[in-house]
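User: I am new to this structure and would like to understand the terms used to describe it. Please set each label against its definition.

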Amino acid sequence: ETTVWYFAMPLSQKRAAALVDGNDYRLTFKENNNTTLTMTLEKRIEANSREESILIFKCNRLPDNFILDRCQNAEIEISSMDGIYVPLSAMKRVNGVRGVYVLRGSVVHFRKVDIIYNGADYCLVAESGEAEENYEYLGTNELIITNGKNLFDGRILG
């Protein structure tokens with residue numbers, strides 16, 4: 001027999017409209033050591049007078065030492081994207097192509113990037129792209145050079 005438990009969360013109707021009943025969402029419970037659980041949006045109750053929706057999530061998994069307080073804070077992940085984190089200080093433009101310099105061994109190489117998200121002081125770039133004749137795309141686990149002078153493809157750093 002599995003145990004099922006429910007979590008009710010108020011959210012503005014505007015934000016709640018982005019969520020789909022029956023879909024799974026990741027909820028992070030701050031008071032429970034930032035434990036993140038995947039929960040299913042079971043149903044919603046509209047409180048039109050307050051322009052609010054009460055979202056009811058259910059879960060059949062309960063981690064050890066999870067505290068079931070009647071009232072606790074939770075954050076819901078509405079969307080996410082995968083990419084390579086690049087500090088804006090590393091972004092360069094070479095011959096009209098946006099990219100970064102990386103260090104492989106002691107040799108500097110230019111890597112093309114496609115930005116998929118801009119943050120305040122960073123961006124996320126696609127993990128792959130359509131290769132061009134003259135430029136390779138930035139790969140995961142490459143050592144990005146975040147600052148430097150006289151950088152160019154093929155330069156040897158000593």
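User: Where is Asn141 placed, and why is Asn141 called exposed?

Analyst: Asn141 lies in the loop between strand 12 (136–137) and strand 13 (143–144). Strands here are DSSP runs of E with at least two residues, and helices are runs of H or I with at least four, both numbered from the N terminus. The relative accessible area of Asn141 is 80%. Exposed means over 50%, buried under 20% and partly exposed in between, with a 1.4 Å probe and protein chains only; Asn141 is therefore exposed. Across 57 residues of sequence, Asn141 and Ile84 are 9.0 Å apart in space, C-alpha to C-alpha.

User: What do these values rest on?

Analyst: This is a predicted model, in which local features need pLDDT of at least 70 and side-chain atom pairs count only at pLDDT 80 or more, while totals for chains, interfaces and linings use all residues. Residues are numbered from 1 along each chain as its sequence is written, and side-chain values use heavy atoms, with hydrogens and water left out.

User: What makes Phe29 and Phe66 an edge-to-face pair?

Analyst: The structure holds nine aromatic pairs. Rings of Phe, Tyr and Trp (its six-membered ring) pair if their centres lie within 6.5 Å; planes under 30 degrees apart count as stacked, over 60 as edge-to-face and the rest as tilted. The ring centres of Phe29 and Phe66 are 5.4 Å apart and the planes stand at 85 degrees, so the pair is edge-to-face. This pair links distant parts of the chain, with Phe29 in strand 2 (residues 24–29) and Phe66, 37 residues apart from it, in the loop between strand 4 (52–59) and strand 5 (74–77). Both Phe29 and Phe66 are buried. Together with Trp5 and Phe7, Phe29 and Phe66 form one aromatic cluster.

User: Why is the pair of Tyr101 and Phe110 called edge-to-face?

Analyst: The centres of these rings are 5.4 Å apart and the planes are at 65 degrees, so Tyr101 and Phe110 are an edge-to-face pair. Tyr101 and Phe110 are buried.

User: How do you know that strand 6 pairs with strand 11?

Analyst: Two strands pair if DSSP finds at least two bridges between them. Four bridges join strand 6 to strand 11 (residues 122–125), and these strands run antiparallel. Val86 stands opposite Cys123 in strand 11. Strand 11 is also joined to strand 10 by three bridges, with Leu124 as the bridge partner of Tyr117. The three strands form an open antiparallel sheet in the order 6-11-10.

User: What makes strand 6 and strand 10 the edge strands?

Analyst: Strand 6 (84–87) and strand 10 (115–118) each pair on one side only. A hairpin through three residues joins strand 10 to strand 11.

User: What is the order of the five strands in the other open sheet?

Analyst: That order is 1-4-3-2-5, with antiparallel pairing. Eight bridges join strand 1 to strand 4, and Phe7 stands opposite Phe57 in strand 4.

User: How do the lining residues of the largest pocket divide?

Analyst: The lining includes Trp5, Phe7, Asp69, Arg70 and Gln72. The division is six nonpolar, one polar and two charged. Ala, Val, Leu, Ile, Met, Phe, Trp, Tyr, Cys and Pro count as nonpolar, and Asp, Glu, Lys and Arg as charged, with the others, Gly among them, as polar. Asp69 and Arg70 therefore count as charged, and Gln72 as polar.

Key: 1 Å grid on protein atoms, 1.4 Å probe; cavity = no way out; pocket = protein on both sides within 12 Å on 5 of 7 lines; lining within 4 Å.
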